[in-house]
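Good morning, colleagues. I should like to take a few minutes to go through one structure, with its sequence and coordinates on the screen.

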Amino acid sequence: MILRHGTAFLRQPPHRRALAGLAAWSVVEAAQTFTTGYALARALDDGFLAGRPAAGLAWLAAAAVAVAAGAYGTGRTYRQVAGLAEPLRDALVRRVVARALHDADGAAVSRLTHQVEIARDTFAGLLMVARSFVFTAAGALAGLFLLAPVLLAVVVPPLVLGLALFVLTLRPLARRQEAYLAADEALSQSSDAVCAGLRDVTAGGAERVVEAGTGALVDEGLRTANALARWSVTRVVALAVAGRLPVVPLLLATPWLLDHGVTPGALVGALAYLTQSLLPALQSLVHGLGTSGSRLVVVLRRLTAPASAPDAVPPASCPVPPGGPAVELRGVTFGYGRHAEPVLRGLDLTLPVGGRLAVVGPSGVGKSTLAALVAGLLGPWEGEVRVGGAPARAPGAAARRVLIPQEAYVFSGTLGENLRYLRDDPVGDREVLAAADAVGAAALVRRLGGLAAPLVPDELSAGERQLVALARAYLSPAPVVILDEAACHLDPAAEARAERAFAARPGGSLVVVAHRAGSALRADRVLVMDGPGTAAGTHAELLARSALYRDLMGAGGSDPAGALGDADGVDAVAGPGLAGDGGHVVAHGAVRQVQAARDLADGGAAGGQ
Amino acid sequence: MAATVPRHAAPSARDGDPILRAALRHSAGRTLALAAVTTASTGAALLLPAVLGHTLDLLLARRAGDTGRWLLLSTALICVPAVLDALDELLTATTTARTTAWLRRRALGDILAAGPRATARIRAGDLVTRLVGNTAHAATAPATLAGTAAAVAGPLGGIVALGVIDPWLAVAFLAGAPLLALLLRAFARASTDTLTAYQRIQGDIAGRLLEALRGARTIAAAGTAGRERERVLRPLPGLSEHGHRMWRVQGRSTAQAATLVPLLQIAVLAVAGLQLSRDRLSVGDLLAASRYAALATGVGMLVGHLNALVHSRTAARRLAGVRALPPVPYGTRRLPADGAGTLRLRGVRAERGGRAVLRGIDLDLPGGTTLAVVGRSGSGKSVLAELAGRLADPDAGEITLDGVPLRDLTHKELRRAVAYAFARPALLGGTVGGTIAFGSFTPPPAAVTAAARAARADDFVRKLPAGYDTACADAPLSGGEAQRLGLARAFAHAGRLLILDDATSSLDSVTERQVTDALHRHVAAPTRLIIAHRPSTAARADRVAWLDGGRLAGLGTHAHLWREPGYRAVFGE
């Protein structure tokens, strides 16, 4: 597959031009190789051996000029290589970025800075080595032919034999190399986990377990390195056959050659071709292709691995069929894997236009999953999700609903750009400022210095980032707003203000995944999630019906936390004499602990040189 | 204790030499063999031009008599080095691999013996680099050293051989080399600023991507992935521009380097040619001269050789830092068989970064009771948790479990008696089930699921794609889910004392209560030390230790302490 991609890449017109340029400058370089032996032969035969030292020196001077010209050619080949390696890097960067955005894969960043650079450098190196060999061989063989065609008959067979041997061992060698890199990567990953978790290793007394586990990976590294070393011997053999051996038949044939009109100069020239041109070129080919080649294949395979199944909602907007409830779920069942238990089972739910729904439940019960289903980010196994009358995953969903997740997205740019993010049409400053004011972000806008002020994401607190995201969502044209713990870093009063603002949007409907009890009190409908079982109703109904809901609201039960007094904006944190839990009905900080897959050659480890 | 070990006054380049010496000793046989092989190979390489030249002269002179012997010798000098090179390749690679594995195992042992205090000296990421990368670099030292004699002999021998053939050849070479090098150097230009600019733009793109990845859910919902791609890739043309510039600079310097050796060879050939035309040299001598000139330019490789040694030494110095990590010593005593798990702290003091974080702590935790430890952040709660299960030793005072000082206990006895759960557990063990089973012993599967149920983890684990067999890397876990796995791990390994260091902070209040109820009902550990932030947690403990500024500010029931405004303020936000 990589081969197909590769040829397609090289066939693109600008890359074909670069290849042609590379070939052209390589010819200049090859002219130097050609001169190395030929000028030496002529310098001897026509000069030093013929008693005309001046002519000999002149031929050597010509060789020196060819060296300078060849070096110039070498320099120029780098520009042509740049014309191939740089577009390759660009293409890989584009691919990595597109895939990272698609998969939300945090490991992509190191892929971007690390593996892409490995690919660029090894690709360029391979190109140079292969090209250098081809043109050096061509120059040397042409020189041999001109000196005496019969020389080719002596030199070419061992050369071909050695090259064939080398080509035959390429594939098994590449496999050993890959196994070696994989072992090194596995060790890297394991060491990463161990060094970051030393406290847990010691606390669990698991030093032996870790020593055995990680030690086995060290041994595996040794095993693969030794296997690679054994196969590398074939490289040296191939090199000896192709590069050194031809000298022997040449010497053996010398008496015969001299009898058939080959001059002493031609013999010396032929030896110079063999030892000074072909052998070094072969050396770099054999060492370069053997290691860099498989390295490049491994990295490219990883970089161009197909992304997971398409999941994103197409952004195209199309007219929304009017009518229907704001959100409607019919018999929705969903889970995260073939063998996994479903998170939701047969859920029915209707939210009329203008309605306000709060979703509560213990952490991990699947509230965010529900939000993602309503937003169309996930598709149900069974059943149907409709938003504003249209299927949740139909094109144009972005125009019908807006989802604000807990982790607010703020990017480097101006504050205005951040706030207008969800609007395709030009929006006046007045409207933007009004939106900021509505959700309670006016003070933040002032502090940052207005809409044109540059915004540095790392300088905002988590709460400020959420205010930006809330104001942005308020400006969105979508009638249905889904707040998935979107105000969890705000204080209760600020959260209540933002929720009220959204509820008051004309024609707006609101789904709140609740962080505090207050959200449920403010909603006109509440959905309690308790594993696959759910209960829906008003606050009062659920207080009467659902023990879990009573627990979540902090009403009753054995907890000395007592009842909560969050009457729309009043902080529910326990007052004096009341040992409450701050009314937090769900956990903060759903930190994704996704283990970043350790990338190849991280920390210079994989190379092992 | 670890903090009191004196550090080296100043790191010196020699710090790594003991490591290199040990590595050399470890691979002494192979290194010697390798040295013999490379020396023999270089000797053959130095003999070959002269023999080849003489053979050619004999052939040209058509003196059939001796030619056979010399032809045989030439063939031998061509074939034997090929065999030696193959041996060299094999020995170099296997010696380095063997040494790497040995150094890695040693470093791994050092790190594990030092325990969590290791990362106080060397960051975790740096430890990994040393364990994986620096070991590989340091391990090249034996093979490189073995090749040093040969690397010196090659160029030196080449120059000497030139002089032996004709002194003027050596003069031409020695005069030409510095002249040419100087000439070429004048053209060399600095390329570091293009590299810096390139890396800066690369960092810019990575930063933009990181930003977008943090907002992945927003972007997916808004369907703006295309726009984000453009935003992230906006600096790409600049990267390409600097990339092209780097290639140009590299092309220039490579071209310069590529002229040096051929031009020197041509200079030697010119002198040899002139001598040839005066009949002072033979054609064979000229051939040999050109080969010796090439060998003599191997000086450049000698520089590379020395560079490799310097790199190995630098890497070894970083390994010496790992070697110097003080290991945690364990004692030889066992716990009394009938102990109830009574923990006693007497006059405990702990320092971190030269500052006392715990002072004069006297605390009794009778077997079978639960103690909550509360206090503002920085009051020393987590350090107390560290000391109570001997993740660190106190700088003064003593801690005993059932009457035995913790530091007198054997490793096995201590780690089986104490189980820990943390706010941000490191999930080791490969799979989700393996994570729970991870510890000094592996509990049976039934105990693993029971512990997961008690920690309220069973539900979400069953929803994972492969349940308990799901690889941790494939299971995106929220902070609360990770905490519950950490709790399950502690429950599955519970001995006499269970220490929860803020281990329920990411759980909602309902789940937290379910977990603590299960803890009291189902988990075997009789004695519990719980670092808590929530008043409800403190309220459920038998007693509460209130820490303030490293001192014990109060000890009693939650209800009793709640009367103190200072105590209530601990829970205020």
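In chain B of this predicted model, the domain assignment gives domain 1 as residues 11-165 together with 297-328, and domain 2 as residues 343-571. Taken over C-alpha atoms, the centres of domain 1 of chain B and domain 2 of chain B are 52 Å apart.

Let me remain with chain A for the overall figures. The chain contains 18 helices and twelve strands. Of its 609 residues, 55% are buried. Among contacts in chain A with a separation of 6 or more, 75% are between residues 24 or more positions apart.

A word on confidence. The average pLDDT of chain A is 81, and 85% of the residues score at least 70. Two stretches call for caution. Across residues 310-320 of chain A the pLDDT is below 50, and this stretch has 26 contacts in the model beyond near neighbours in sequence. Residues 556-609 of chain A also have a pLDDT below 50, with 154 contacts in the model beyond near neighbours in sequence. Where pLDDT is low, the predicted coordinates should not be read in detail.

I turn now to some local features of chain A. Strand E6 of chain A, residues 401-404, is covered on both faces. On one side A:Arg401 and A:Leu403 are buried, and on the other A:Val402 and A:Ile404 are buried. E6(A) runs parallel to strand E9 of chain A, residues 480-484, and four bridges join the two. Within that pairing, A:Leu403 has A:Ile482 in E9(A) as its bridge partner.

The loop between E9 and helix H15 (492-503) of chain A holds A:Glu485. Most residues other than glycine have a negative phi. A:Glu485 has 27 C-beta neighbours inside 10 Å and therefore counts as buried.

B:Arg390, in the loop between H15 and E4 of chain B, has a positive phi of about 60 degrees although it is not a glycine. Is B:Arg390 buried or exposed? B:Arg390 is buried, since 23 other C-beta atoms lie within 10 Å.

Next, the sheets of chain B. One of them is an open sheet of four strands, ordered E2-E1-E4-E5 (chain B), with antiparallel pairing. Strand E2 (355-365) and strand E5 (404-405) of chain B each have a single partner strand and stand at the edges, so one side of each is left without a neighbour in the sheet. Strand E1 of chain B, residues 343-352, and strand E4 of chain B, residues 396-401, run antiparallel and are joined by five bridges. B:Leu343 is placed opposite B:Leu401 in E4(B). Helix H15 of chain B, residues 381-388, packs on this sheet and touches E1, E2 and E4 of chain B, its direction making about 125 degrees with that of E1(B).

H15(B) also lies across strand E3 (370-374), E7, strand E8 (527-531) and strand E9 (543-548) of chain B, and runs at about 155 degrees to E8(B). Those strands belong to an open sheet of six, in the order E6-E7-E8-E3-E9-E10 (chain B), where the pairing is mixed. At its edges are strand E6 (418-422) and strand E10 (551-556) of chain B, each pairing on one side only. With direction ignored, neighbouring strands of this sheet are turned by 15 degrees against each other on average.

B:Ala421 is opposite B:Leu500 in E7(B). Helix H20 of chain B, residues 479-492, lies across E6 and E7 of chain B at about 175 degrees to E6(B).

I close with helix H1 of chain B, residues 17-26. Which residues of helix H1 of chain B are buried? They are B:Ile19, B:Leu20 and B:Ala23. Viewed down the axis of H1(B), these buried residues fall within an arc of 95 degrees, so they line one face of the helix. B:Arg21 and B:Arg25, on the other side of H1(B), are exposed.

Conventions
Residues numbered from 1 in each chain as written. Chains lettered and ligands numbered in written order. Predicted model: local features only at pLDDT ≥ 70, side-chain atom pairs only at ≥ 80, totals over all residues. Domains from an automatic or database assignment. pLDDT = per-residue confidence, 0-100. Contact = placed C-beta atoms within 7 Å. Buried ≥ 20, exposed ≤ 12 C-beta atoms within 10 Å, placed from the backbone. Arc of directions from axis to C-beta. Pairing = 2+ DSSP bridges. Axes fitted to C-alpha atoms, helices over the stretch in contact; angles between N-to-C directions.
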